[in-house]
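Hi there,

Here is the structure I promised to pass on to you. Have a look at it first, and then read my notes below.

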Amino acid sequence: MKIAIFGTGYVGLVTGTCFADLGNQVTCVDIDAEKIKALRKGKIPFYEPGLKELVLRNSKEKRLVFTTDGKPAIEKSEVIFICVGTPSKASGEANLDYVFAVAKEISKHMNDYKIIVDKSTVPVGTAEKVERIIKINHTQEIPFDVVSNPEFLREGAAVKDFQNPDRVVIGADSERAKLIMSNLYKPVSRVSNPIMITQTKTAELIKYASNAMLATRISFMNELSHLCETTGADIKEVSKGMGLDNRIGSRFLQAGAGYGGSCFPKDVKALAQMLEQHGHQSTIMRAVDYVNERQKKTIVPKLKKFFSSLEGKRIAIWGLSFKPRTSDIREAPSLVIIDQLKNEYAEITAFDPEAMPEVKHMIKGGVKLVSDAYDALKGADALIVVTEWDQFREPDFELMKKLMRKKVLIDCRNIYDPEKVRAYGFEYAGVGR
Ligand SMILES: NC(=O)c1ccc[n+]([C@@H]2O[C@H](COP(=O)([O-])OP(=O)(O)OC[C@H]3O[C@@H](n4cnc5c(N)ncnc54)[C@H](O)[C@@H]3O)[C@@H](O)[C@H]2O)c1
């Protein structure tokens, strides 16, 4: 099948590359000329395991091409995916300007039947709006369908998630579009990982509902972590005990420094805003968001308990990305922690296996970035482990002891055994234990 992908970010690049790998002819379009230039040279703008190999292979075999020119891509493709960003407006509402701009562009160059697929995360009713934009702007009467196909991939496991999705949700209102979309996704669907076909509006809401439920579980545990800290209960054990209940399950029950990334924070806010726009108070979503923002700010106060003042103290940070196996630092708890440390006049040294180039763009000074985890510890008074990259799980505590000036360890992800760490002579604080 001939496919165009508008927006070559995390979602667009993974989707386009993986569809090409299944044998489709894919044209990835982006307005960012630098990004397209880099991709043509095989340079991936972010870290995503397994993606580079697939981009190189499919580019070489000419199933995957990159361009800034949308017109030919629209003309030759039957299915056109919209994968542009939908960032939060100040009100929390999803900003649909980029989606609508692509819809207008498609309407100008349509020459034959097209399926326009909203893959970006968009509020309920957006497919209808996209349809209206195309009808208003197209120059000749050409049949088309607008489909909602929300994306559930996880950064850090995006290729795997595309190739082996839990489910594929297709919101379509025409039989023709349902058939074409089902055929497109048939190679990755299994009996246990089905294609679910529903109305466009339902598909749009499934995406927000799924992210909001996962975020709710995290905020729920983060709220309980405070009760654990004051009573002496252990949140890890609470989580384990809850997770063993089949009705609950164990995933997304970890207390920590709060969720981040480009999806949960914005999607929770957008769902709250959507509910309120339709006249319903959004008590749960507002609370989930509030608890999360508060949680990000609880780490530095934990650290302060070990010092009379943080001024001039050398604080090492391990992990800057919002989660492991990605270079994405959007809404990462590390950014809040760094801001608070700067306000306390601490000296910050940080290491992340993949996110440092992105951090350099984002943080304007005040943080020394080093290229080795242990270099960050030289003369440090404390270490905050913010992101649970695998390489931090079994560190050389003897070496850490030697390198650090004072031995305070703040474990934002509860990856260490407190007894073991204390036995090495560290003062330790986790979250909710
Ligand atoms: N990142 C994730 O893990 C993830 C997962 C599921 C869903 N989503 C959703 O998918 C959407 C895209 O997210 P992302 O993280 O890939 O965004 P991103 O910011 O990484 O990429 C968006 C890309 O769209 C490009 N763009 C903007 N306007 C354009 C236009 N008119 N024509 C062509 N390209 C244009 C930008 O230059 C950018 O490269 C969002 O709605 C997001 O909520 C993201």
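In which loop does Asn414 lie? Asn414 sits in the loop between strand E13 (408–411) and helix H17 (418–423); helices (H or I, at least four residues) and strands (E, at least two) are DSSP runs, numbered from the N terminus.

Before going further, please keep in mind that this is a predicted model, where local features need pLDDT of at least 70 and side-chain atom pairs count only at pLDDT 80 or more, while totals for chains, interfaces and linings use all residues. Residues are numbered from 1 along each chain as its sequence is written, and side-chain values use heavy atoms, with hydrogens and water left out.

Most residues other than glycine have a negative phi. Asn414 is not a glycine, yet its phi is positive, about 50°. Asn414 is buried, at 3% relative accessible area (buried means under 20%, exposed over 50%, partly exposed in between, with a 1.4 Å probe and protein chains only). Glu331 is not a glycine either and has a positive phi of about 60°. Glu331 belongs to the loop between strand E9 (314–318) and helix H14 (333–343), and counts as partly exposed because its relative accessibility is 38%.

Next, the inside. A nonpolar core is a set of buried Ala, Val, Leu, Ile, Met, Phe, Trp, Tyr and Cys residues joined through side-chain atoms within 4.5 Å. The largest one has 59 residues, and Leu303, Trp318, Leu341, Ile384 and Tyr416 touch the most other members. At least three of its residues come from each of domain 2 (208–296) and domain 3 (299–429), with bounds from an automatic or database domain assignment. A second, separate core has 39 residues, including Cys18, Leu54, Val55 and Leu184.

Finally, two helix pairs. Helix H11 (residues 264–277) and helix H12 (residues 283–296) pack at an angle of about 150°, with their axes 8 Å apart. Axes are lines fitted to C-alpha atoms, for helices over the stretch in contact, and angles run from 0 to 180 degrees between N-to-C directions. H11 is therefore roughly antiparallel to H12 (under 35 degrees is roughly parallel, over 145 roughly antiparallel, 65 to 115 roughly perpendicular and the rest oblique). Helix H9 (residues 200–231) also packs with H12, at about 55° and with axes 9 Å apart, so H9 is oblique to H12.

Happy exploring!
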